[in-house]
Amino acid sequence: MLLQVIVSGIATGCIYSLMALGLTLIYKSTEHVNFAQGEMAMISGFLAFTFFQCLRLPLALSLFLSLLGSVLLGLLMERLLVRPAITAPHFNIFIITLGASIVMQSFAGLVWSYDQFPFPTLFPSKNIILGVVRLNTVTLGIICTTGLLMLTLFLFFKYTRMGTAMRAVSQSQNAALLMGINVKRSFALTWAISGLVSGIAALLIAPVIFLSTRMGLVVINGFAAAILGGWGSIPGAVLGGIGLGVLENVAPYYFPSQIRNIIPFAVLVGVLVIKPTGIIGEERRRRV
Amino acid sequence: MVFFTRRRIIFLAGVGILFFLSPLILNRYTIFILNLFAIYALVSIGLNLVMGYTGQIAAGHAGFLAIGAYFTAIVSTKMGWIPPIAVLLAAGLFTGVIGFLLGIPILRLKGFYIAMATLAFGVVVSEIVLQWSSLTHGDDGFRVPRAILWGFIFDSDKKLFYLVQPITIGMILMAMNIVRTRVGRAFLAIRQSEIASQTMGIHLAKYKTSAFAVSAFYTGVAGGLFAYVITHISPDSFSLGVSIDFIAMIVIGGMGSILGSIIGAVILTGIQQVLSGLPEVQLLIFGVLLILFMIFMPRGISGMILDWRGRLRKGPSFEPASKEDG
Amino acid sequence: MLELEDVDTYYGKVQALKGISLKVEEKDIVTLLGANGAGKTTTLRTISGLIPPAKGSIQFLGERIDHQSPEKIVRRGISHVPEGRDLFPDLTVDENLAMGAFTRKDRNEIQHSLTRVFNSFSILKKRRKQHAGTLSGGEQQMLAIGRALMSNPRLILLDEPSLGLAPLLVKEIFKIIREINQEGTTILLVEQNANMALQVARYGYVLETGRVALRDETERLLEDQHVRETYLGIKREGRRS
């Protein structure tokens, strides 16, 4: 039974990992924190819903278009919100993304209202028995999709020219410029990928928790996950996400069920107090 | 600093008299709004001390507001014989101590981590308030008893005006005093560069935690006043969104400036009231304003005023807000 | 090949370069000398496009490059090895070199360059899969120069290659610089180690507080009294101070 809970915890954790990944990608390459990551995911989900439910487009096309939308949203945010303030301190950009998250949330509320909407499942729901565990295909689907996405991203960053260039930019913008790398384009691409990752996260989770314009709050789980794993570290984002997901699912087992709401914050506070650099603990040295 | 020149004092006295006589002619709703302006101005000043002055991002001030409000509500109910000023003072001190305690672990954190920690704090407080229903009546909300001072019952907005405004004005003056002293300048220096200020002998820990403590004090008192004015408080009024509203106030009004805090509070509360039936539109406008100001006018409205004044005449004006963006 | 005319550069409100004019002929080695803060690094950064000049013009191979973006300037054939190396610490030696060739498309040619770099810097070959941040100072400097060579540049801007290196390594690096030049690459060298710079370069400029104070062939600069005292530490008596 516990194993069951852990497995569904891993599935939830995958979603958090994707959120944390989106946040970490942007932070690693630009040192900016994107508070609107969750809202980007939410809008993506609603786009898919609109295409599929309201415009009656086939499911696959709806999903594709909504992912396209999330990529465009990432690019748009980078171009309109981040680039004009590029020379400003990171504090400013953080507040700008804070504002963006409010804008997107209220905009979505106005367009789609604050109700909750059921979302079609991407995987036909069936139950599989694997030894002791009864797995739902949805859970399996989430875990596999996330794994596949992570693998793709890993291969992209490690082995492609553009991916390596993006890593280079995150390590030294100055040197990257001198290599002839278009750093601005690299930033835009980072935001685009980040948008895509959030979009996929939304599409995976929407069937399970229903679509709602308040979904964006999942960004806080993303932050907690990233900090738990080690802020600024990509493997940390993955680890932290899974860890948080498992924790959230296992805790109600031993504690009163309301504890679930408070877990991300307890984790946040706990990590920041005990070991702010998280599990992987990458420390960035500041140049004076 | 020659802020209080003879002409200024006479001018202010005149304005002051008019101001204090105004409830006689204004309608109830306007007076209520003026009270709200005052309360949020106090929160704004409090938040500015931490964010605008020492540069620590605080995304959980609704938590301090809640602590002040519920402290006041509970003490007034259980010990109604204590005069409201004392209750408010106690609420402020209680919240201030909590702020100080919060400031200590935060010392080890930087920038974005502080934002997350304070955010978590705000939500945890709101969750505690919700869950500890035996003390706070949780979701149902708490009916705050009327403030009674020597038999005088503050049972109308007009009467509350005379409780809220003097306290607010007093605290504003106190804040102006704080920022004008070494303490205030130390705060500003810390925002510009922690490392540089350390080399100048500024004891970082002392100042950063005191900033939190004073900030919490102000917000706590504001919370108490809030409880008296709104008369019925519930956890909804202290959500994460509220904390973000506060940030919007000081960004728009101007960080690192007391005048800015007041301006920001007035503008946002004004918008809130004008659009009171349309919370989404409110939020949308706040968000857009937040973005626009942060991109184009990071020093806020008070920053603009300073620029404009600087061009007219050279000389000390309201507050020496930092010249560069911190 | 490269010509700066009356270039002014500012950092915010501070003027770092005041009317700098200099010329670098093709296949030459030219050195920029001067004390800290004299403007040497700023000059290189202005040439490579990291900072736009406020006034003046920079011409490379007959075309103006002032106010162009760094990536365009790299594509024209100028490679800048920054002060302090500025490698990509978490990328491997191979990956750093690959980034050097970012602007090039032809795989064969790139492979060719790679081979040449490993010939000149044989020690790097052993450390191909290592992260750049784990290399020693000397190896890092070699990697930085190798990385710059990977773009097959016509002109290399070298900023303080001897910084932080032991004397033996410094000699080695300067030997390599000479070799690179002999193979056809023009070099503009910024150095605090005036002695070595004046020995390897043919022409030199001495910068003082943002202006060109002296310009001459290095043979004559070595004889100049002011240069000897200020930058070579040789007192009038002829004894090293």
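**Terms and their grounds**

Reply: Chain C has an average pLDDT of 88, with 97% of its residues scoring at least 70; pLDDT is the predictor's confidence in each residue, from 0 to 100. This is a predicted model, in which local features need pLDDT of at least 70, side-chain atom pairs count only at pLDDT 80 or more, and totals for chains, interfaces and linings use all residues. Residues are numbered from 1 along each chain as its sequence is written, while chains are lettered from A and ligands numbered from 1 in the order in which they are written.

Me: Where in chain C is confidence lowest, and where is it highest?

Reply: The lowest mean, 79, belongs to helix α10 (residues 225-230) of chain C, and the highest, 94, to strand β6 (residues 78-81) of chain C. Helices (H or I, at least four residues) and strands (E, at least two) are DSSP runs, numbered from the N terminus. The model as a whole scores ipTM 0.87 and pTM 0.84.

Me: What makes α1(A) and α8(A) roughly antiparallel?

Reply: The axes of helix α1 (residues 2-30) of chain A and helix α8 (residues 183-209) of chain A cross at roughly 170 degrees and come within 8 Å. Axes are lines fitted to C-alpha atoms, for helices over the stretch in contact, and angles run from 0 to 180 degrees between N-to-C directions. Angles under 35 degrees count as roughly parallel, over 145 as roughly antiparallel, 65 to 115 as roughly perpendicular and the rest as oblique. The pair α1(A) and α8(A) is therefore roughly antiparallel. By class, their contact has 14 nonpolar, seven polar and no charged residues (Ala, Val, Leu, Ile, Met, Phe, Trp, Tyr, Cys and Pro count as nonpolar, Asp, Glu, Lys and Arg as charged, and the others, Gly among them, as polar).

Me: Why are α2(B) and α11(B) called roughly perpendicular?

Reply: Helix α2 (residues 28-53) of chain B and helix α11 (residues 240-253) of chain B pack at an angle of about 75 degrees, with their axes 9 Å apart. The two helices are therefore roughly perpendicular to each other. Residues of this contact include Y40(B) and L47(B) from α2(B), and F246(B) and I250(B) from α11(B).

Me: How do you know that the radius of gyration of chain B agrees with a compact globule?

Reply: The radius of gyration is taken over C-alpha atoms, and the globule rule is 2.2 Å times the number of residues to the power 0.38. For 326 residues a compact globule would have a radius near 20 Å; chain B has 19 Å, so the two agree. The C-alpha trace of chain B spans about 50 × 50 × 40 Å along its principal axes. Buried residues make up 51% of chain B (buried: 20 or more other C-beta atoms within 10 Å of its own; exposed: 12 or fewer; partly exposed: in between; C-beta atoms are placed from the backbone).

Me: How do you know which chains touch, and what does chain A supply?

Reply: Two residues are in contact if their C-beta atoms, placed from the backbone, lie within 7 Å. Of the two pairs of chains that touch, A and B have the most contacts, with 34 residues from chain A and 31 residues from chain B. On chain A, α4 (90-112), α9 (218-229) and α11 (259-274) each supply at least two residues to that side, and α4(A) gives the most, 16 residues. The contact of chain A with chain C takes 14 residues from chain A and 21 residues from chain C. No contact joins chain B and chain C, whose closest C-alpha atoms lie 12 Å apart.
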